[in-house]
Amino acid sequence: MLYEIRMKLSYHYPVPATAGRHLLRLMPATIAGEQRLDSAHLKVKPDPVEWRESVDFFGNRTDDVALDKPHSESVFEMSARIERMVEGQRIDLSARPEELAGEITAQATLAPDAPHHFLGTSPRITLHPAMTTYGRKAARGAQSVLEIFHALGRQIHAEFKFDPEATEVDTPALEAFERREGVCQDFTHVMISCLRGMGIPAGYVSGFLRTVPPEGQARLEGADAMHAWVRAWCGARMGWVEFDPTNALEVANDHVVIAYGRDYSDIAPVKGVMRLAGGQRTSQAVDVIPLDAG
């Protein structure tokens with residue numbers, strides 16, 4: 001499936017900021033055999049006085065920009081044309097649950113996609129007995145790691161309420177778990193915490209999700225949004241698999257990947273420091289437009 005993607009992130013300040021430095025992870029990834037970036041452009045307002053492009057440990061493109069003039073808003077606009085080539089409904093080649101620990105130990109590498117990085121705690125993930133118990137109950141009867149992964153994702157989808165007003169960007173996973181509500185970031189963090197508690201390596205994926213309007217209705221401009229979902233290492237034969245607990249979907253061509261990390265802290269779209277008095281107001285608009293019927 002070929003897509004044109006347009007995204008605009010705006011930050012408005014009641015009192016002008018005098019300077020700022022931002023680390024951006026906004027550009028869709030190139031993933032061999034799964035996702036191909038045909039063209040892309042990133043625009044920043046006001047014009048940065050410094051701009052440095054690099055790649056982080058997990059292979060994500062980063063853009064480090066510096067602003068040094070007073071400004072009442074910062075605007076980051078990304079446009080890209082990208083092809084997704086992922087089929088759903090994979091054959092289950094994952095490890096049996098009792099075999100997974102041995103297969104993880106046998107991975108004699110600390111490469112960015114090694115499962116060892118995605119076990120235990122990370123900046124936004126803590127392991128809690130209540131979430132581990134929840135994961136085990138959801139996975140009861142599962143005969144493979146992939147079955148556990150899907151069963152847990154479906155359980156979270158069924159029991160958690162999607163509510164954009166329920167949580168903030170820094171809400172801990174345990175709080176979202178106890179309240180059984182939140183947004184895609186919360187569902188993803190909860191699922192990662194449950195999986196790691198069961199000894200299954202799990203990480204965070206940021207990206208876009210194509211939304212399909214009801215039959216007979218036109219697409220709404222800006223109706224799509226940045227999205228998040230989970231990846232889990234299912235054993236040496238199957239490797240990494242992705243699942244969207246917010247929508248109970250196995251990830252395929254409707255999902256476009258921006259970045260991989262251990263949790264949101266590794267892949268925040270905009271992170272940085274500013275010289276600013278007062279707060280800020282944020283707005284976001286994303287369009288994921290299919291260019292073919294593939």
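Okay, some ground rules. Because the model is predicted, local features need pLDDT of at least 70 and side-chain atom pairs count only at pLDDT 80 or more, while totals for chains, interfaces and linings use all residues. Residues are numbered from 1 along each chain as its sequence is written, and side-chain values use heavy atoms, with hydrogens and water left out.

Cysteines, then. How many disulfides do we get? The count is 0, taking a disulfide as a pair of cysteine sulfur atoms within 2.5 Å. For Cys 184, the closest cysteine sulfur is in Cys 194, and at 17 Å that's too far for a bond. Cys 194 has its closest cysteine sulfur in Cys 234, 15 Å away, so again too far. Buried or exposed, by the way, for Cys 194? Buried, at 0% relative accessible area, and Cys 184 is buried too, at 13%. For the cut-offs, buried is under 20% relative accessible area, exposed is over 50%, and partly exposed is in between, using a 1.4 Å probe and protein chains only.

On to the backbone. Have a look at Lys 45 to Pro 46: that peptide bond is cis, with omega near -5°. Pro 46 sits in the loop between β3 (35–45) and β4 (50–55). Those elements are DSSP runs numbered from the N terminus, with helices being H or I of at least four residues and strands E of at least two.

Arg 180 has phi near 60°, in the loop between α4 (173–179) and β8 (181–182), and is partly exposed at 28%. Ala 248 has phi of about 55°, in the loop between β11 (240–244) and β12 (249–250), and is partly exposed at 26%.

Another joins Asp 254 to Arg 210 at 3.5 Å, and here the partners are 44 residues apart. Asp 254 is partly exposed at 30%, and so is Arg 210 at 23%.

And to finish, Arg 21, Glu 50, Arg 52 and Asp 64 are linked in a salt-bridge network.

Note on methods: A salt bridge is a side-chain nitrogen of Lys or Arg within 4 Å of a carboxyl oxygen of Asp or Glu.
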